[in-house]
Structures are given as structure tokens and as C-alpha cells.
Amino acid sequence: MSDVWLTIALLLATTVFVRGAGPVAMGDRELGRRTSGVVELLAPALLAALIVVETVGGSDGGIAPDARIAGVAAAGAVLAWRRDRMLTAVFVAAAVTALIRALL
Amino acid sequence: MSLLRNPSFREGFHAGIPFAIASFILSTTFGVLAHPVMGAIAPIVMSTIVYAGSAQFGALAVLAAGGGPIAAVLAGTLLNMRYLPMGIALGPSIEGSAWKRFLVGQGMIDFSWAGAAREGGRFDWRFMLGATAPAYPLWVAGTAVGVLAGDLIGDPDRLGLDAIFPAFFLALLLSGEVSAGRRAVVAALLGGAVALALVPFAPAGIPVIAACIGALIGLDEAGRRGAAGEPEELEELEELGELEA
């Protein structure tokens, strides 16, 4: 098997495992108050982290700040104006990023 | 199948369409970048059976830099490790057998998981599967388009396509999560700050997992509610016992 197919096979195995492990370990049960207080805030914390990493992160780890920062900021400006304009914001982010890369 | 007719599933499906379009564009990028490294068939197979955006890009980056399969899998797996806490959060809301919970977990992607979060730490897993449903075929289709049309598209970064996902997650955060109240804003700021502090030197994937720390301010929320006069000390003691066990 080539390296590429070995990578796909092994990554498939670990991905299926990490997606399934949490739900299997935590069965059908009521959350206590403290636990639910934390779980409730996981989504905003994780989303914010994903935004940061995908805006300033390099393709193989590390930090690589570039035009994406201006693109995502422009998306933020669109959303400050109209919160429900998701696709507009995404389009503006790509356009601003592309424009800056073309100019620099 | 009754799931497809379920109102939550349908609601999720509709909510998932904009994200599906963004997925299509980003997976086109994946196809373009992966073609010279992995050939024509492997990227499409990978998108079909692995279906994990950041992990696919992470593994690809290692292979493209001349790294071996073990290093590539390690990078991809680290990027996927956030699914562990996400799944632990999701699990208690799925009724039924362990096998069913395992299968539902396979439908977890960042967008649909975050969109399925409800008050009190519960999740609407039918909504989650509905929101993943349109994104999956478009992720696969986009990969194929990227592989086939790579020469026409050229360098995807030139088109600013790598800004699409962070912009989309920002829209998701501002429209849904942050409107849930001041504590969600604080958790988001903390999570973002932790990630930013770790990005320069931690291996890819770690900053996002570490950002879960931001959610721990929820412990205090529970304490504050308790102080409002509800007799719940016993319950909290039981919970602590569970955590230690």
C-alpha cells in the first residue's frame, strides 16, 4: 500500500474513533448543573478558537498572519451591520483577502 | 426513514445549506491542493470516507512537505482531537444504544455540532445530522471538482478561499452563540485568547482543544444559580463524586 492510501486508512480509523468515543462513553443521562454550565459554553469557546487558528495559523501549524486577517475583519464588519448575512460575509472575506494578496 | 421526515432534521437541513455552499468551495481548494500530492482518486476517497476538513488539510500539508504517513496521520488526528470533548458534550443528549450513539457521533462536524447546541448544555442530535446532510455530498463533489479543474483554478489562496471557513465560523458565533448571553461572550473571548497564545508554538490541533478551558467559567455560573437559594448542594457533591470516580 502506498503512503497516501496508508494515510487515508489510518486517518479514517482515528477519525471514526474520536467522533464515536464521546457519545459512546457518555450515555443517555441527565447532566448535572455544573456540567451543563460548562458544556453550554463549549461551543462559543471552540468556535472562537477555530476562527483564530484558521485566520492566523499556517497550513502545517505555527502562526502565519497574512491577508486573511483583513478578510475575516471585513466579514465581521458585514455581520455587525446585518447578523444574518452569512454568505455575504463569507464572500466579502474571500474577496478582501484576494484583493489584498493581488495588491501586495 | 423517519429521521428524514423529523422536523428537527429538516430544520437542520435548511440551516445547513449556506454552510454546504461554503464547504463546496473549501473542498474544491482541497481537491486542487491534493491532486499533485495524492493523485486523482485518493483525495476524493479521503473526502468520502474520512470527511474531516481540517484533518484532511493537516495530513495533506505533511504529505506535501515530504513527510511520511505516520506524521501525516498524527497531524490529522491531533486536529480531530477536539471531537472528543465535543462528543462528550453531545453524548448525554442521544437516547438509545451505544451503537446508535456511536453512529450519530460520525455525523459530527464543527458547524452542525455548534448549531445543535441548546440551552442547559443539551444538543438536538437530529438537527445536527440534518445540518451535516447537505454539506457532506457537496464536500465530496467539491473535492472532485478541485481535482478535475485544478489547472483552471490555479492557486486557491489567490482567490482568498482560505478566508471562507474562519469567516463562516465568525458568522456562526455572532448569530447564534454570542447572542446566548454575556457568559458565552466571555467563554468565546477566553477560548480565542487561549488559542491565539498557543498557535505560534503548539502542534496544530492543540490550541483548539486547549480553548475548552474557556468553557470552565460555566462552573461559576452553576455556583451563582445555586446561590439563588435552590437546595442543590447534595446534587453537586454527587457530581463531584462522579468526576473523581
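A residue is taken as buried when its relative accessible area is under 20%, as exposed when that area is over 50%, and as partly exposed in between. By this criterion, 51% of the 245 residues of chain B are buried. The model is a predicted one, and the values that follow were computed from its atoms.

The secondary structure of chain B consists of 14 helices, with zero strands. Along the sequence, chain B accordingly reads α-α-α-α-α-α-α-α-α-α-α-α-α-α.

Two helix pairs were examined for packing geometry. Within chain B, H2(B) and H9(B) have axes 5 Å apart and pack at an angle of about 25°. Because angles under 35 degrees count as roughly parallel, H2(B) is classed as roughly parallel to H9(B). The crossing of H2(B) past H9(B) is right-handed. The second pair joins the two chains: helix H1 of chain A (residues 3–25) packs against helix H7 of chain B (residues 98–105) at an angle of about 135°, and their axes lie 7 Å apart. This angle makes H1(A) oblique to H7(B). The crossing of H1(A) and H7(B) is right-handed.

B:Ser27 is located in helix H2 of chain B and is buried, its relative accessible area being 0%. Between B:Ser27 and B:Arg158, which are 131 residues apart along the chain, the C-alpha atoms are separated by 15 Å. In helix H9 of chain B lies B:Leu129, which is buried with a relative accessible area of 18%. The C-alpha atom of B:Leu129 is separated by 9.2 Å from that of B:Gln106, a residue 23 positions away along the chain.

A nonpolar surface patch of about 300 Å² is formed by A:Leu87 together with B:Phe13, B:Ile17 and B:Ile21. Helix H2 of chain B (residues 7–38) gives the most to this nonpolar patch, supplying three residues. B:Ile21 belongs to helix H2 of chain B. With a relative accessible area of 38%, B:Ile21 is partly exposed.

Over all chains, eight salt bridges were counted. A network of salt bridges links A:Asp66, A:Arg68, A:Arg101 and B:Asp162. A:Asp66 is partly exposed at 32% relative accessibility, whereas A:Arg68 is buried at 7%. A:Arg68 also forms a salt bridge with B:Asp162, in which the closest N and O atoms are 4.0 Å apart. A:Arg68 lies in helix H3 of chain A (residues 68–81), while B:Asp162 lies in the loop between helix H9 (125–153) and helix H10 (164–177) of chain B, so this pair joins two chains. B:Asp162 is buried, with a relative accessible area of 18%.

A further salt bridge was found within chain B, where the side chains of B:Asp110 and B:Arg82 meet at an N to O distance of 2.7 Å. B:Asp110 lies in helix H8 (residues 110–115) of chain B and B:Arg82 in the loop between helix H5 (69–80) and helix H6 (83–90) of chain B, so the pair ties together parts that are 28 residues apart in sequence. Both B:Asp110 and B:Arg82 are buried.

One backbone feature was noted in chain B. Most residues other than glycine have a negative phi. B:Tyr51, by contrast, has a phi near 45°, a positive value in a residue other than glycine. B:Tyr51 is located in the loop between helix H3 (41–49) and helix H4 (53–64) of chain B. With a relative accessibility of 9%, B:Tyr51 is classed as buried.

Terms used:
Residues numbered from 1 in each chain as written. Chains lettered and ligands numbered in written order. Predicted model: local features only at pLDDT ≥ 70, side-chain atom pairs only at ≥ 80, totals over all residues. Heavy atoms only, no water. Patch = residues over 30% accessible without salt bridge, like charges linked within 9 Å, V, L, I, M, F, W, Y side chains within 5 Å. Areas by Shrake-Rupley, 256 points an atom, 1.4 Å probe, with all protein chains shown as cover. Helix = DSSP H or I, 4+ residues; strand = E, 2+ residues; numbered from the N terminus. Buried < 20%, exposed > 50% of the residue type's maximum accessible area, 1.4 Å probe, protein only. Axes fitted to C-alpha atoms, helices over the stretch in contact; angles between N-to-C directions. Parallel < 35°, antiparallel > 145°, perpendicular 65-115°, else oblique. Left-handed = near helix turned anticlockwise from the far one by under 90°.
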